[in-house]
Amino acid sequence: MVPDAMESAHAASLASRYDPASVEGRWVQEWAERPFRADPESGKPPFTIVIPPPNVTGDLHLGHAFDNTLIDTLIRAKRMQGFEALFQPGMDHAGIATQVQVERALAAEGLDRHTLGREAFVERMWAWKERYGGVILGQLQRLGVSADWSRTRFTMDEGLSQAVRTQFVELYHRGAIFRGERIVNWDPASQTTLSELEVDREDRPGKLYTLAYTLEGGPVDGREAIEIATVRPETIFADQAVAVHPEDDRYAALVGRRVRIPLTDRSVPVIADAAVEREFGTGALKITPAHDQTDFEIGERHGLSRPTVIDTDACLFGELVPEAFRGMERFAAREVVVAALEESGALRAVRDHTVSLGFSQRTKVPVEPLLSLQWFYDPKDAAARALQALDDGEIRLVPERYTKVNRDWLERLRPWNVSRQLWWGHRIPAWYDPDGNVIVPARDDPHRDPTDDPRYAGVALTQDPDVFDTWFSSNLWPFSTLGWPDESDPFFRTFYPTDVLVTGYDILFFWVARMEMAAYEFTGTRPFHTVLLHGLVLDAEGQKMSKSRGNGIDPLELIDRYGADALRFAMAHVSTGAQDIRWDERRVEMGRNFVNKLWNAARFTLMQVGGDAEAVSVPARPTHLADRWMLSRLQAVTREVTGHLDAYDLGLAARTIYDAVWSEFCDWYLEAAKAPLKRGDDGTKVALKTALEGLLRLLHPLVPFVTSELWEALGHDGQIGLAAWPEVDPALHDPDAERDFERLRAAVIAARQLRAEANLSPAQVMPIHASGDDAAFLEREREAFESLARATLQAAPPTGAALTQPLPALTLALPFDGIVDVGEWRGRQEKRLAEARAERSRSAGKLANERFVANAPESVVEEERRRMGEAEALEAAIVSSLERVTSAP
């Protein structure tokens, strides 16, 4: 086959337009069926990232896409850099989220879990998981995630269940886990406690009520009552004290006295406690230990009782509640209690007040702070070790400012409620004998139930019905997924500790800190050396995306429209310092356009050099300035992108490679290379293919699909994902070429400016005369200049009118003779000048109008300022053009 025909055949192997659907589908299947398996015995240095486990029955959302784009970018880069890279995949059983879905399905059948029974319900849960679970893994594969899918774990698989049980038994025997009464977030709808992450806090308009508690024993300093401020008057029946600040002189004489609770015949003491905020309300606080966390802590310090007057259905109950209010729902009761307080004269004032309310994420019902008998884990010892690790620099957070946030949370830990009143999850391995004694498996045999232990033969044991909080299994994720508690597992020995954790800053407290504590508690070492935090993806208005708001964006729809590479590149491109990101679909369009640009550049390259990987690999030292410049720039870009990835600045890495490909390679180098390529210059062919392949390897972690397809089209047998990462070649670093090409580029830009000012067609070849110190340089680079500027260099200076463009060491002149009618051109420019001045004057007049600036929306005022700036810039440019038209002497 003749060379030209061969080149055309290779170009024909790539479609004229990039079609993501056809390209990506093939590679998705390839990476799913033959995943990038990690080998613990390879001898390569390991690099490990565990996936933040998505809910087993969840769907892909933009947060997942963000997480996994960043993780996969790091993993693919490290794999190419010679590391044994493990992207550990898996899913979370998501206790309450999954159970709520199944209970809704049962409700549609007219059933509930209690009529079905625990065993049958759990069977339904597993059937649901098998039917719907794991869909998200297929969706992640569409995103191009290069996880070792053969190692997919689930928080309720056998190995991880053993890990959770080991954790509980060990902590129980250490005395770190106990059963007791504490304030919890109670969901009256799902009838379970919730973690803070399962509660959405919202500011809602409410009321602040001022109530009078009458002093027993008569007035003090003329005062007959103490006034307290509360947002929850319906809980007064559980009050155990009134607290004031010990340094508040207003109430100093009342401390130690007793006051009567309105609507009751009970009295409580006035106590002093530093937790009281003197500036809130009246500075006196009613203390209800069973229904408020702060009150509970004050009650603990003062030995107060903890009666409860709100039940698990969020209704008032108990002997302390007047009979008229018993059985009322809490919010309905509030209205009736307030009316009774007003009638009794105890209600002194009511004013508007913003109240922070917590809502269950799943049921949308307001949560109730409730005193409840639960299992708790006191992690103070583990937190101290994690704090020491942060102080010693064992764990680094990126951005660094979150180290303080991490520290603050670890320093303020309260006992963690680890029990949930659910049936889906790890059932708590604790049993009770007929006397209520707690029996937990032996420390040295955590997996044997007490019912199978000969020591308890003949004893009627009942297992605790509760399950563990989901976070009590996901806190073990970095090492349980690798085989722990079997520390002989080759994956645990090789890939633990892991290297980087990538997640949103919003779960720094709930997940990251708990993994830090668990790792030191059970493995004696850090779980990862770096935590890379990213921001949240918000909607265009800056609101958090959610199904309930109806403002969510489906990543799969974006992939269908633009391709996975476009979405991945957009996500990486905006990743900057854990800043929240306002969603803008134009970024994905930008990613698509970038991928199309790359595809077209590769097609052009294939047309020039063919698809044989060795065809143009013969040594050929480039001599052309553009070739030397491009290869030198490739070294700089390689150094910069590698450095940005090593610093976990994936946004800067993406923006750097974008500029290198779009501007330097496509817009400048390919255009400069066309003339020597047309002559069949081997040196330019080598430079072209070398540059493209280097850029493809740098790009692969960000856009794996298109780079894999192009690498194969270039004649390589192996996948680009297994190719070596580019290394900087000092021999190709060419500062002279970079400096000279910048001189050439400045001349081309100046020539293009002349074309625009003369209003010449882009296709028209224009004559240009160069004078000055750099004229000789431009003559040497005539071929590249003429190709890039679409011009011909003229030896003779213009004999008539000409438009000039001065540069530091060069002046370019565009002769008008035979090209531009000077009079017509001047007339056109003067008309444009008059229009620009009129526009500037109009905008200046509006902006000088104080009423307009004060009353118009800020966006309208800003737009007017922008228009005025544009008009001023255009006016200056036209004046400059008119001044630079010269005439022959």
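1. Strand 18 (residues 431–432) pairs with strand 20 in the antiparallel sense over two bridges; strands are DSSP runs of E of at least two residues, helices runs of H or I of at least four, numbered from the N terminus, and two strands pair if DSSP finds at least two bridges between them. Trp431 has Gln463 of strand 20 as its bridge partner.

2. The model is predicted: local features need pLDDT of at least 70 and side-chain atom pairs count only at pLDDT 80 or more, while totals for chains, interfaces and linings use all residues. Residues are numbered from 1 along each chain as its sequence is written, and side-chain values use heavy atoms, with hydrogens and water left out.

3. An open sheet of three strands has the order 19-18-20, with antiparallel pairing. Strand 19 (438–439) and strand 20 (462–463) are at the edges with a single partner strand each, so one side of each has no neighbour in the sheet.

4. Strand 26 runs parallel to strand 27 (residues 791–794), joined by four bridges, and Met766 is opposite Ala791. With strand 29 (residues 810–815), strand 26 pairs in the antiparallel sense over three bridges; here Ser771 is opposite Thr811.

5. Val102, in helix 4 (residues 95–108), is buried at a relative accessible area of 3%. Leaving aside residues up to four places away in sequence, Val102 touches Phe121, Arg124, Met125 and Trp128 (contact means heavy atoms within 4.5 Å).

Methods. Buried means under 20% relative accessible area, exposed over 50%, partly exposed in between (1.4 Å probe, protein chains only).
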